[in-house]
Amino acid sequence: MLHFRFLADFLGFKQAFLAIALLGVAVIGGCGQSAMSKRQAPTANFSGTPPIRVIATVGMVADMVQAVGGEHVRVEQMMSAGVDPHLYKPTRDDVRLVMKADVVVSSGLHLEGKLSETLEKLARTKPVYSIADGLPPELLIRDGDSQEAVDPHIWMDISLWGQGASALAEWLADFDPTHAGDYRRNATEYVDQLEQLHRFATETIHTIPESQRYFVTSHDAFRYFGRAYQLEVVGVQGFSTESEAGLRRVNAIVNLLVERQIRSVFFESSVASRSLQAIVEGASARGRQIEIAGPLYSDAMGEAGTYEGTYIGMMDHNITTVARALGASPPPQNFHDYLDAAKQKLAQINERQP
Ligand SMILES: [Zn+2]
């Protein structure tokens, strides 16, 4: 929310929201003009004993590689549930795993902050692929021209993440041409599912009353989500309530919540919610009770073996939690109920036809 912070300082909240909305339109309006990604083909083909051993940095990437690679890959995930990838330092075990792996796949754009340099070095001796490299650069959210100024939270736009899966399939097809057809077929199936989830997200968020579509959360992981599903995202992390500037910011957010009669703000499983607490107390002093809803899964999925421990489950959870807490009406179903309802509707239509 760097843009937003600066804009809000100079313009005040309402104008800043308007400016962000316009920027959003400009970014969306830019798609399709040139879709060149900087995806590099692998330097060598796979020549080891199958399956291909893949190390994925975060859960969302592991989920995608498994879906696209299918039976031809064995995926191991470096960072487990609740781990913050921005701060993660590789352990000795990680280094061992990476050395034994055939391929390393990251999300990229410096999400894996402390690991990025290691991965860059590793790329000289081993195929290293980042999902972000497969995406059209004009669809990335950036705060400036430097590499570090690009927002890395690309999985929060489900359709964009789907484009990443198609690009990964092409990369795997280059790396292991024997199974190119399987990678492409798997990716098509996965992307179909993601497109349905994307539609579910769009429709569900749309049931939130328009005046309530303000998404106040503790860190800046949700800008792609806000852009894709038309929510104004207000990140509060970094606002120290001890400084005067921090207090001004908290007051500005309190004003927004009270004026708009917003009912909830959101916390994430991995981020402390001290500033959210200050906002809730500020609103309470002005007679507005605000719920801290969540947790949302931002940079890590839920526990392995649970529904939230899958990419689809994590996003389903985020979509329904946000929609419910912001007063969507009717209260949203989860993604699977939504799919069942769609199937039933289709069956009814088919029945009616002679
Ligand atoms: Zn993050």
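The structure is a predicted model, in which local features need pLDDT of at least 70 and side-chain atom pairs count only at pLDDT 80 or more, while totals for chains, interfaces and linings use all residues. Residues are numbered from 1 along each chain as its sequence is written.

The secondary structure of the protein comes to 12 helices and eight strands; helices (H or I, at least four residues) and strands (E, at least two) are DSSP runs, numbered from the N terminus. Of the 354 residues in the protein, 44% are buried, a term that requires 20 or more other C-beta atoms within 10 Å of the residue's own, whereas 12 or fewer make a residue exposed and values in between partly exposed, with C-beta atoms placed from the backbone. Among contacts between residues at least 6 apart in sequence, 67% join residues at least 24 apart, a contact being two C-beta atoms, placed from the backbone, that lie within 7 Å.

E1 and E3 belong to an open sheet of four strands with the order E2-E1-E3-E4 and parallel pairing. Its edge strands are strand E2 (73-77) and E4, each of which pairs on one side only. Neighbouring strands of this sheet are turned by 25 degrees against each other on average, direction ignored. E1 and E2 pair in the parallel sense over five bridges, with Ile52 opposite Val73 in E2. Helix H3 (residues 59-69) lies across E1, E2 and E3 and runs at about 175 degrees to E2; such angles run from 0 to 180 degrees between N-to-C directions, and axes are lines fitted to C-alpha atoms, for helices over the stretch in contact.

In a regular strand the side chains alternate between the two faces of the sheet. From strand E3 (residues 103-106), Val103 and Val105 point one way and Val104 and Ser106 the other way, and all are buried. Val105 has Ala56 opposite it, and in E4 its bridge partner is Tyr129. The chain crosses from E3 through helix H5 (residues 116-122) to E4 in a right-handed β-α-β crossover, meaning that, with the strands pointing away from the viewer, the path from the first strand over the helix to the second runs clockwise.

Strand E5 (residues 214-217) and strand E6 (residues 232-235) pair in the parallel sense over four bridges, and the bridge partner of Thr217 in E6 is Gly235.

Turning to helix packing, the axes of helix H7 (residues 180-206) and helix H11 (residues 311-325) come within 10 Å and cross at roughly 10 degrees. That makes H7 roughly parallel to H11, a label for angles under 35 degrees. The residues of this contact divide into eight nonpolar, three polar and no charged, where Ala, Val, Leu, Ile, Met, Phe, Trp, Tyr, Cys and Pro count as nonpolar, Asp, Glu, Lys and Arg as charged, and the others, Gly among them, as polar.

Terms used: Two strands pair if DSSP finds at least two bridges between them. Angles under 35 degrees count as roughly parallel, over 145 as roughly antiparallel, 65 to 115 as roughly perpendicular and the rest as oblique.
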